[in-house]
Amino acid sequence: VSNGGFPWFDGMPESRWITQHIVAGLGHLDRLGVRTVRPETNASNQTDLGVDPSKTWAMITKSVAYLDARIAEDYEELKKRAKENKMDLSKQPAGYEAIHYLYARSFFKDLEIPKNSKEAYAYYLGQIEKYPFENGLYAEGMNALVLHRNGKTETAKNLLKSLKERALQNEEMGMYWKQTAGYWWYEAPIETQALMIEAFGEIGQDEKAVNDMKVWLLKQKQTQDWKTTKATVEACYALLLQGKNWLEQSTQPEITIGGKKFDPLTEGVKVEEGTGYFKKTWEKTEISPKMGIITVKKPQGSAGVAWGGVYWQYFEQLDKITPAKTPLAIKKQLFLEEKTDKGLQLSSVTDKTVLQVGNLVKVRIEIRVDRDMEYVHLKDMRAACFEPINVLSGYHWQDGLGYYESTKDASNNFFISYLRKGTYVFEYPLRVSQTGDFSNGITQIQSMYAPEFTSHSEGIRVRVGER
């Protein structure tokens, strides 16, 4: 737009937040050195790429001026309301929009602040120094960076110290903060983590904390996608900005299987370029008990994070299968529902319970998951003596869990698009239709995004007698 602001889509009026986001993004590129936005540096390289640095810088200058004008208007409006409502301006914490402006503006401090915006800039800068904890983790990270870039390093370091004290640390998941994802831009976990990496790297020069936070960021990518282009861009910026460059690591981890070193190159296994992914399959005649002892170690001096999975396939009677213990745990129970004088009562179905044709049985499935996961498939096998009552496929919501249920001949399938960390219990009914001795099978659950996260329940035997 002619005034320097950017709209969300062409033809719309300019959006202040979109403009701030673009200015901050160009600041990120400038910090990374991926594409310099200043005409006086590396201009020849930009020309070769078909980029005119003078036009890029003119765009930045105009957009920053637009944002400076908007913050001045905000301040004038705030002073007006303060006078009308007898508010003390010194006790008003800065809002999210002002904090985001200060963060975007901090990348281009060499651009002079206009005279009519200086008072507003100084006011909001003073308020985030006075009230740095009013707006949640994302804002705290931005506050620390803004204060540091404006010479208030001691205050910024104290804020960083507070953030570190509230962080959770885990050997597998790295360093992160407990937070609930929301609908607002400042409630996004991926963007928040990326900002924290920027803050701890720039202010604290804390390489260990930075690398620990990178672990969490990548572990999120293992079981779910980065929701938006903004989240992906911010995550890539954080991974490239600070700490060791894990993308340059080409050494394979040291793997031993049954006391024998395993090297995918000498084993003739193809290793995928970039990700390092490989897969090795052994036939049953090659497998021995000692192969159950597996060690994985990073080579001396290497950095980065790696993960993998080992599984074996074998045949067993379904009712003899024992439950699997993994980060994704599942427990299945059957209950007989009976009407009594006291109302409906549920009693657990065991291998000694004898059901009758016509009985109503409730399947109760309990899921425990230690991290957020996406695109999870749950397959619940069903004994031949059971007929489903819910025969129509469709979307359901039950006790905080949304899922799509698809009923098949021998199983019920549940597709869960988003499974947050926690414990979930849901139930569905079945009707006993014939007599006999049956295996009810098992319930299997697996992350389709990361297939190594899988689990199953134990097998159940069901007996149905004559009336």
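Predicted model: local features only at pLDDT ≥ 70, side-chain atom pairs only at ≥ 80, totals over all residues.
Biologist: Which strands does β8 pair with, and how many bridges join them?
Modeller: Strand β8, residues 328-340, is joined by 10 bridges to strand β11, residues 360-369, and the two run antiparallel. Six bridges also join β8 to strand β9, residues 343-348, again in an antiparallel arrangement.

Biologist: How many residues lie between β8 and β9?
Modeller: There are two residues between them, and the two strands form a hairpin.

Biologist: Which residue in β9 stands opposite Lys339?
Modeller: That is Leu344, while on the β11 side the bridge partner of Leu336 is Val361.

Biologist: Switching to the sheet with β5, in what order do its strands come?
Modeller: The order is β6-β5-β7, an open sheet of three strands with antiparallel pairing. Its edge strands are β6 (260-262) and β7 (294-297), each of which pairs on one side only. Ignoring direction, neighbouring strands of this sheet are turned against each other by 25 degrees on average.

Biologist: And how many bridges join β5 to β6?
Modeller: Three bridges join strand β5, residues 254-257, to β6, and here Ile257 stands opposite Lys260.

Biologist: New topic: where is Ser63, and is the residue buried or exposed?
Modeller: Ser63 has its place in helix α3, residues 53-85, and it counts as buried because its relative accessible area is 2%, where the cut-off for buried is under 20%.

Biologist: What does the side chain of Ser63 reach?
Modeller: The side chain of Ser63 reaches the backbone oxygen of Gly4 at 2.9 Å. Setting aside neighbours within four places in sequence, Ser63 is in contact with Gly4, Phe6, Thr19 and Val23.

Key: Residues numbered from 1 in each chain as written. Heavy atoms only, no water. Pairing = 2+ DSSP bridges. Helix = DSSP H or I, 4+ residues; strand = E, 2+ residues; numbered from the N terminus. Buried < 20%, exposed > 50% of the residue type's maximum accessible area, 1.4 Å probe, protein only. Polar contact = N/O pair within 3.5 Å; in protein donor to acceptor, adjacent residues only side chain to side chain. Contact = heavy atoms within 4.5 Å. Axes fitted to C-alpha atoms, helices over the stretch in contact; angles between N-to-C directions.
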